[in-house]
Amino acid sequence: MDIFLKLKNLDRRWVYLCVALSVILPMIFKFELPIYPGAAVKGIYNKIESLEPGSRVFLSFDFDPAAEPELGPGAIAIFVQMFRRNIKPVIGCNWPVGSEIAEQCLAKAKEIHLATYEEYLAKGKLVPNCVKEPISGRDYVNLGYKPGGIIHVKNLCTDFMGPYPQDREGTPTNNMSIFKTASGRRFSMSDIELIISYTAGTNGIEAFISNEIFHKRPMAAGCTSVNIPRFTTYLQTGQLVGMIGGLPGAAEYESLVGHKGDGRAGMSPQSIAHLVIMIFIILGNLAFIAENRKTKKKKA
């Protein structure tokens, strides 16, 4: 037990050094740990796979650059899946810089789709009429940021096109083919097959859940790891069809899409760092037990 008592007084700088090395070394000597997608991630993936080609999905980018390392990789993976399935992303944002992040994710997803198009076409993994190079206004649209949060979401439920007379580039939306309906009526929330919010705080997926009675659309979420316990409740109640939780969720989604991005690349450093922290927690508890036993012996 003496060794545990010595560990109790270990200089904390050694702990910081070990944690730092547990992150740095896996980034230098790259290796990949096995990834097994969970039910929450499969819920979103399977829902998108079940949609008819040409379906529209509303994606709300409700986060800022601080959460991009966790939420960005999952968003890119979903865009890649949609492009391969000829599903049309309709993007809105409840956070001011969400529009810029969405544009970056779109650019990366288009790059991946273009690079893998011929391979997936040869394997028969693309839907018929899948376009090689998605075009804004036809295959996707980034409508940009609108203020208002929950009030803005409620307005979308009653008049989807009202808040969006133009996209983020100033292009009028009235004549965009992505908003055309079979009957020729005005595009509405009922034409959206799925709502996905990438949430880092307020005015995210909960704004859409609060308005569920008005839009009556299935919903899913991407969230930071710290929000997973809170949003799991919505999975259990069936209000969400699926959820991408933090970087692990992004890595799981990338594995389903067949893309090795930042999500999968980040899992080795994160997993090893978590393992090292767990070891120190166990050693700390053993040192505490050893100290208590020594104190009891002295009193006896």
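Is Ile192 buried or exposed? Select Ile192 and check: Ile192 is buried, with a relative accessible area of 0%. Buried means under 20% relative accessible area, exposed means over 50%, and partly exposed lies in between (1.4 Å probe, protein chains only).

Before going on, note what is on the screen. This is a predicted model, in which local features need pLDDT of at least 70 and side-chain atom pairs count only at pLDDT 80 or more, while totals for chains, interfaces and linings use all residues. Residues are numbered from 1 along each chain as its sequence is written, and side-chain values use heavy atoms, with hydrogens and water left out.

**The whole protein**

Zoom out. The C-alpha trace spans about 90 × 45 × 30 Å along its principal axes. Colour by secondary structure to find eleven helices and six strands; these are DSSP runs numbered from the N terminus (helices H or I, at least four residues; strands E, at least two). Of the 300 residues, 45% count as buried.

**Stop 1: Ile192**

Return to Ile192, which is found in strand S4 (residues 192–199). Leaving aside residues up to four places away in sequence, Ile192 touches Arg56, Val57, Phe58, Phe187 and Arg217. Contact here means heavy atoms within 4.5 Å.

**Stop 2: H3 and H4**

Select helix H3 (residues 39–50) and helix H4 (residues 68–85), which pack at an angle of about 20 degrees with their axes 10 Å apart. That makes H3 roughly parallel to H4. Angles under 35 degrees count as roughly parallel, over 145 as roughly antiparallel, 65 to 115 as roughly perpendicular and the rest as oblique. The axes are lines fitted to C-alpha atoms, for helices over the stretch in contact, and angles run from 0 to 180 degrees between N-to-C directions.

Show side chains: Ile44, Tyr45, Ile48 and Glu49 in H3 meet Ile78, Gln81, Met82 and Arg85 in H4. The residues of this contact divide into five nonpolar, one polar and two charged. Ala, Val, Leu, Ile, Met, Phe, Trp, Tyr, Cys and Pro count as nonpolar, Asp, Glu, Lys and Arg as charged, and the others, Gly among them, as polar.

**Stop 3: H3 and H10**

The axes of H3 and H10 come within 9 Å and cross at roughly 40 degrees. H3 and H10 are therefore oblique to each other. On the H3 side, the contact is made by Val41, Lys42, Ile44, Tyr45 and Ile48, and on the H10 side by Gly249, Glu252, Tyr253, Leu256 and Val257. By class, these are seven nonpolar, one polar and two charged residues.

**Stop 4: H4 and H5**

Go back to H4 and select helix H5 (residues 98–122). H4 and H5 pack at an angle of about 45 degrees, with their axes 8 Å apart, which makes H4 oblique to H5. Residues in the contact include Phe79 and Phe83 of H4 and Leu106 and His113 of H5. The contact has twelve nonpolar, three polar and four charged residues.

**Stop 5: Leu33**

Finish at Leu33, in the loop between helix H2 (12–28) and H3. Leu33 is partly exposed, with a relative accessible area of 31%. Not counting residues up to four places away in sequence, Leu33 touches Met267, Ser268 and Ser271.
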